[in-house]
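This report considers selected helices and strands of one protein structure. Please examine the sequence and the structure before reading on.

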Amino acid sequence: MALEVRGEGAASCTVGVPELESIPRREQSSDFHCVTTWTAVGLRWSGWLFADVWRQLILPRCASAADCNFVVLKARDGYVTSLLLADLLHGDVLLADRLDGRPLDVAHGAPLRLIAPKHYGYKNVKHLSAIECHRARVPYRAAGFAFMDHPRARVAEEERGRGIPAVLLRSIYRPLVGSTIRRFAHALTKQAGT
Ligand SMILES: Nc1nc2c(c(=O)[nH]1)N[C@H]1C(S)=C(S)[C@@H](COP(=O)(O)O)O[C@H]1N2
Ligand SMILES: [Mo]
């Protein structure tokens with residue numbers, strides 16, 4: 001299992017998931033805010049600080065990482081989104097493989113997921129498989145509609161979506177919460193049972 005790092009022109013390189021064990025593990029409790037207005041509080045994640053992985057494993061071997069400012073994040077299920085490298089290097093961003101003392105299950109993003117608590121759930125990519133490095137923002141085809149993918153999606157700034165006021169998105173998303181929570185609860189029950 002590996003994380004692929006590619007960029008503009010330079011050859012891609014990989015970081016094996018087992019190699020992450022060479023970096024000190026980080027535990028972190030944080031709340032998780034889905035843009036559709038539900039929040040899961042006090043989740044105990046365990047994994048590695050993205051900044052440590054970036055500095056110790058990615059920068060030394062991946063030429064494409066050198067001039068990177070903007071990162072497109074890709075997942076095994078075809079999910080795509082992006083974050084500024086500056087946001088990824090924040091001291092609370094993890095590559096997590098454990099949740100609440102158990103190995104992450106597939107429903108919650110195994111084998112490795114991004115946890116960026118200051119950003120809405122949709123930036124917290126599950127089943128992370130590739131990191132694409134760019135000097136500046138590039139267009140990419142996000143999961144879902146373009147309006148759903150704010151470039152930064154900071155919770156504190158209520159950056160829910162792009163080009164549509166947050167207050168309007170709140171009322172559009174609100175009715176979806178019931179079904180999303182049922183899915184979430186179902187996944188948690190399944191995880192508790194495993
Ligand atoms: N690969 C992948 N990552 C993803 C998603 C997805 O569909 N695929 N959904 C996002 C959204 S919208 C949310 S709210 C969270 C949900 O995480 P959970 O399933 O662990 O509750 O994952 C995010 N990461
Ligand atoms: Mo979400």
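In which sense do strand S4 and S7 pair, and over how many bridges? In this predicted model, S4 (residues 39-49) and S7 are antiparallel partners, joined over five bridges.

Strand S7 spans residues 94-99 and is mostly covered, with five of its six residues buried.

Strand S8 (residues 102-103) runs antiparallel to S7, and two bridges join them. S7 and S8 form a hairpin in which two residues lie between the strands. In the turn, Asp100 has a positive phi of about 50 degrees.

## Helix H1

Helix H1 covers residues 50-58, and seven of its nine residues are buried, so the helix is largely enclosed by the rest of the structure. The buried residues of H1 are Phe50, Ala51, Asp52, Val53, Trp54, Leu57 and Ile58.

## Helix H3

In helix H3 (residues 166-173), the buried residues include Ala166, Leu169 and Tyr173. These residues lie on the same side of H3, because they cover an arc of only 60 degrees around the axis.

Notes:
Residues numbered from 1 in each chain as written. Chains lettered and ligands numbered in written order. Predicted model: local features only at pLDDT ≥ 70, side-chain atom pairs only at ≥ 80, totals over all residues. Heavy atoms only, no water. Buried < 20%, exposed > 50% of the residue type's maximum accessible area, 1.4 Å probe, protein only. Helix = DSSP H or I, 4+ residues; strand = E, 2+ residues; numbered from the N terminus. Arc of directions from axis to C-beta. Pairing = 2+ DSSP bridges.
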